[in-house]
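Trainee: Hi! Could you walk me through this structure? I have not looked at it before.
Mentor: Happy to. Let's open it up and take your questions one by one.

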Amino acid sequence: MKRFSVTTMPGFALIAICAFAVLYLPILTIATFSFNAGKAISDWQGFSFRWYEIAWANTEVQGAAIRSLIIASWATLISVLLATPVALATTRTAKFPGRTFIYMMINQTLVVPEIVPAVALLIFFAAIKIQTGYQGLGYLILAHVMWCIPLAYLPIRARLEGMDLSLENAAADLYASRWQTLWRITLPLLMPGIIAGAMLCFITSLDTVVITEFVKSGGQDTLATYMLGQFRRGLTPEINAISTVLLALTVVLLTGFFLLTRKRD
Amino acid sequence: MAAAEEQVVRETTRRNWLLSAPALVVLVFTATLPFVIVLVYSFLTPGQYGNVVWKFSTDGWVGLVMTRDVFDDTLGWADAHLTIIWRSVKLSFATTIITFVVGFPTAWFIATRPQRSRPIWLFLITIPFWTNLLIRTFAINEMIRNEGLINTVLMRTGLIHEPIVMIYSDGAVLLGMGYAYFPLMVLPLYAAMDRFDMRLLEAGYDLYASRLSVLWRIVMPVVRPGIIAGCVLVFIPALGAYVTPRVLGGGKTMMLGNLIEMQFGQGRNWPLGASISITLAVITLVAMLIIIRRAGRETAQ
């Protein structure tokens, strides 16, 4: 007879396993059929890298991929540079006037649907584009920074909260200056949190499709908006191939994120 | 003594504000100020080729639910908009309920795994969450379209002879949103269950409670903050969904996000787009405030 387990609820495990299956079946199908030699999605005609080669040679895809990487890199760098000092200012410190305000300002975009800031930036940047004549990638980078700042801030803050001040105090006891303490004690200890935040920013910037779609000028497609645009003509194995590459990139970055933020026993 | 202490407080305050200033300036100019401009634009007159004419008008707000007759200028209900608003609310509620019904057992399953394997299950939930929304929506499209996997398999096995039309319907959008936002429900539920003291269950069973009443009267009340958080996290993006209805709903199953986009595209009615967008933001904000209040009260208790 099976032992009575207090934590088991009838049917829960079955639902959970089904949920995991449903969660992975569609993504794995896309990934599998990106290696299909044939054109049809659900008709397997043998293994081939054909669609990867086609996507790789497509100049539009190349341009979009490069643009995506440029925007994501800049947005990540700027977001982390902006968020780290805020994290330092709002953790491990006595409550000071305005702390809640700063916290709310940093996280203001975290809780609204993407379409709301997308519309706001479309209007705002449209006016600036007319005034200045500048049409470059700067708008997209700035828009992604806005969207990424809270995602950089949260893991850095989480890491800081787990660090006590004893090492910093020890450094101060040994007559280290504030800057020396920051550079040689705090930042090295904080690095896993910073890298984790950077990874989340990078993934988010690559993903962001609505904001990019609204803010971009002509000829500034990123991979995400390129894929959305192509979709009008129906899904092709080429899009599956691009999706699979992005998927693989996400898995690699997330694995890194988990290894970095994992609590050591 | 008191003066010196005050001096220290003033100094830390100044330092912390200086450290936060660059990020705050960027956010004021890219998030707060643009939003204020949206508010202003919602009270202006649409320009002929998009953008706005600087003339005060409340038409952007009236147009949310009413429509002006082209010939005699009388106001009537904007049925098309009302249908879209109603569909958005309805589908978002349905998405929340479905993700909860499936997400609760899933989160429980993860929370009751042995300490060692738990992070792996959690990781399996997180991967789809961070996977590009577009890719996940394409994947669902690939499943349910007429030549998609489900129809192909069913036709091959001879169960059906004509493909079942599933795509471009409310149901397809619902499936897509449920699929996309499922991790947003599971993660906060899991966070609440992870802190749940399983000994409470033993106590319940010792007192001859049935599984159902243990679940209903012990687990549910304790994990309630997680339930509320999960529901809000699913409801908010569902209400503002843009990609999912566009990819799975086709042209006829529009939601608020698509209605907004239309005003900035071929609709050329920026003030109306602005007012819908603000409505969406306000609903989101109110939902968040309710949650924070609730959560605050619960911790106070």
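Trainee: At what angle do helix H4 and helix H7 of chain B pack?
Mentor: Helix H4 (residues 118-130) and helix H7 (residues 170-194) of chain B pack at an angle of about 145°, and their axes are 9 Å apart. Axes here are lines fitted to C-alpha atoms, for helices over the stretch in contact, with angles running from 0 to 180 degrees between N-to-C directions. Helices (H or I, at least four residues) and strands (E, at least two) are DSSP runs, numbered from the N terminus.

Before we go on, this is a predicted model, where local features need pLDDT of at least 70, side-chain atom pairs count only at pLDDT 80 or more, and totals for chains, interfaces and linings use all residues. Residues are numbered from 1 along each chain as its sequence is written, while chains are lettered from A and ligands numbered from 1 in the order in which they are written.

Trainee: Is the crossing of H4(B) and H7(B) left-handed or right-handed?
Mentor: The crossing of H4(B) and H7(B) is left-handed. That term applies if the near helix is turned anticlockwise from the far one by less than a right angle, and right-handed is used if clockwise.

Trainee: And which residues meet there?
Mentor: From H4(B) you have B:Leu122, B:Ile125, B:Thr126, B:Pro128 and B:Phe129, and they meet B:Pro183, B:Val186, B:Leu187 and B:Tyr190 of H7(B). Contact is called if two C-beta atoms, placed from the backbone, lie within 7 Å. By class, this contact has 8 nonpolar, 1 polar and no charged residues. Nonpolar covers Ala, Val, Leu, Ile, Met, Phe, Trp, Tyr, Cys and Pro; charged covers Asp, Glu, Lys and Arg; the others, Gly among them, are polar.

Trainee: Where in chain B is confidence highest, and where is it lowest?
Mentor: Within chain B, H7(B) has the highest confidence, at 93, and strand S3 (residues 66-68) the lowest, at a mean of 75. The score is pLDDT, the predictor's confidence in each residue, from 0 to 100. Chain B has a mean pLDDT of 87, with 97% of its residues at 70 or more. For the model, ipTM is 0.87 and pTM is 0.89.

Trainee: What are the chains made of?
Mentor: Chain A comes to 11 helices and 0 strands, and chain B has 13 helices and 4 strands. The radius of gyration of chain B is 25 Å, well over the 19 Å that the globule rule gives for 301 residues, so chain B is more spread out than a compact globule.

Trainee: Which residues of H10(A) are buried?
Mentor: They are A:Leu223, A:Ala224, A:Thr225, A:Tyr226, A:Met227 and A:Leu228. These pack against H3, H8, helix H9 (210-215) and H11 of chain A, together with helix H5 (133-144) of chain B.

Trainee: What about B:Tyr208, what phi does it have?
Mentor: B:Tyr208 has a positive phi of about 65°, although it is not a glycine. Most residues other than glycine have a negative phi. B:Tyr208 sits in the loop between helix H8 (199-206) and helix H9 (211-222) of chain B.

Trainee: Why does B:Tyr208 count as exposed?
Mentor: Because B:Tyr208 has 7 C-beta neighbours inside 10 Å.

Notes: The radius of gyration is taken over C-alpha atoms; the globule rule is 2.2 Å times the number of residues to the power 0.38. A residue is buried if 20 or more other C-beta atoms lie within 10 Å of its own, exposed if 12 or fewer, and partly exposed in between; C-beta atoms are placed from the backbone.
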